[in-house]
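Student: I have not seen this structure before. Could we go through it by question and answer?

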Amino acid sequence: MPNLTTFADANASFDEAEFVILGVPFDRTTSFRPGARFGPDSIRQHSFNFESYDLETGVDLSDAKIHDLGNTEEFGSAEEMVRSVREEVRSVYAAGKIPLVLGGDHACSPPCVEAYPENAPSLGVLYLDAHMDFRDSYLGDRRSHGCSSRRILEKVGARNIVVLGVRSVSREEVDDNRSIGMSFVTAHEIAKEGIAAAVGRALNMLKTERIYISLDIDAIDPAYAGGTGTPEPFGLTPRDVKFIFDQAAPRLAGLDIMEVSPHYDNGNTSALAARLAREAIVRQLAARKTH
Ligand code: MN
Ligand code: MN
């Protein structure tokens, strides 16, 4: 698919950029409703809906140094996608920049974490998802979107990943995790204790210098983000995620936004994803001023 446009305010060259956007139009491991391959360009289109000036922080995104690499090519297998994304994102980290990756199904996230350099500051992962994604293999594929937290855990270690917002899990995943011990904060706990306490708890669990955020858009309630492959009720609000981005901003190493499947709503989910990508940049720039 050709690039219809670049992300709004992505006016910097790669060399001068601090934030680098990459689209991965891959959804071959989707298990229910397909279409996340259309996510990256739909999010880009909707990014033009927003003003570049941010009322809360005074940050103006037209001054931010953002580059859009466009989309990766289309792939046959998940393994091919993983190799290619890993390579693309590796060059972003190597140049000292923050990658913002737009999916695609959630299989596109592990290579973004695997690309993180070994000699860089320690990395933890905040994994926002309605689902645990903790199967060792799904339908014979270890690179399925149902296995992504597990692949990430294998890269960063069980102590350095926290799943936030989970509310759908198989008995097999729960049983496996008894011996592995991945931390998670459920959407129900967040509703009970409040987002501030829950996020504080999650960030305290991650003792790493830097944090990578993987946002499966289905972490957010389908009332706000119904344009996704596997919608799951009782989710987070957009404002919860905004707060998470703010709290993690000083330690942000990279971000991905996955599983936007634009044809299942009238554009609200793409607009929300675009706004959240912009929010992550704004909060990171604002954090540099105040921390
Ligand atoms: Mn997921
Ligand atoms: Mn999910």
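Student: At what angle do the axes of helix α1 and helix α9 cross?
Tutor: This is a predicted model, where local features need pLDDT of at least 70, side-chain atom pairs count only at pLDDT 80 or more, and totals for chains, interfaces and linings use all residues. Residues are numbered from 1 along each chain as its sequence is written, chains are lettered from A and ligands numbered from 1 in the order in which they are written, and side-chain values use heavy atoms, leaving out hydrogens and water. Axes are lines fitted to C-alpha atoms, for helices over the stretch in contact, with angles from 0 to 180 degrees between N-to-C directions. Those of α1 (residues 39-47) and α9 (residues 268-290) come within 8 Å and cross at roughly 70°.

Student: Which residues of α1 make the contact with α9?
Tutor: Contact means heavy atoms within 4.5 Å. On the α9 side are S270, A271, A273, A274 and R278. From α1 come S42, I43, H46 and S47.

Student: Which residue coordinates both manganese ions?
Tutor: Donors are N, O and S atoms within 2.8 Å of the metal (3.2 Å for Na, K and Ca); water is not among the atoms, so sites may look incomplete. The manganese ion (ligand 1) is 3.3 Å from the manganese ion (ligand 2), and both are coordinated by D129.

Student: Are H131 and D216 buried or exposed?
Tutor: Buried means under 20% relative accessible area, exposed over 50%, partly exposed in between (1.4 Å probe, protein chains only). By that cut-off, H131 and D216 are both buried.

Student: Which residue of β8 is the bridge partner of D216?
Tutor: Strands (E, at least two residues) and helices (H or I, at least four) are DSSP runs, numbered from the N terminus. Six bridges join β7 (residues 210-216) to β8 (residues 252-258), which run parallel. The partner of D216 in β8 is M258.

Technical notes:
Pairing = 2+ DSSP bridges.
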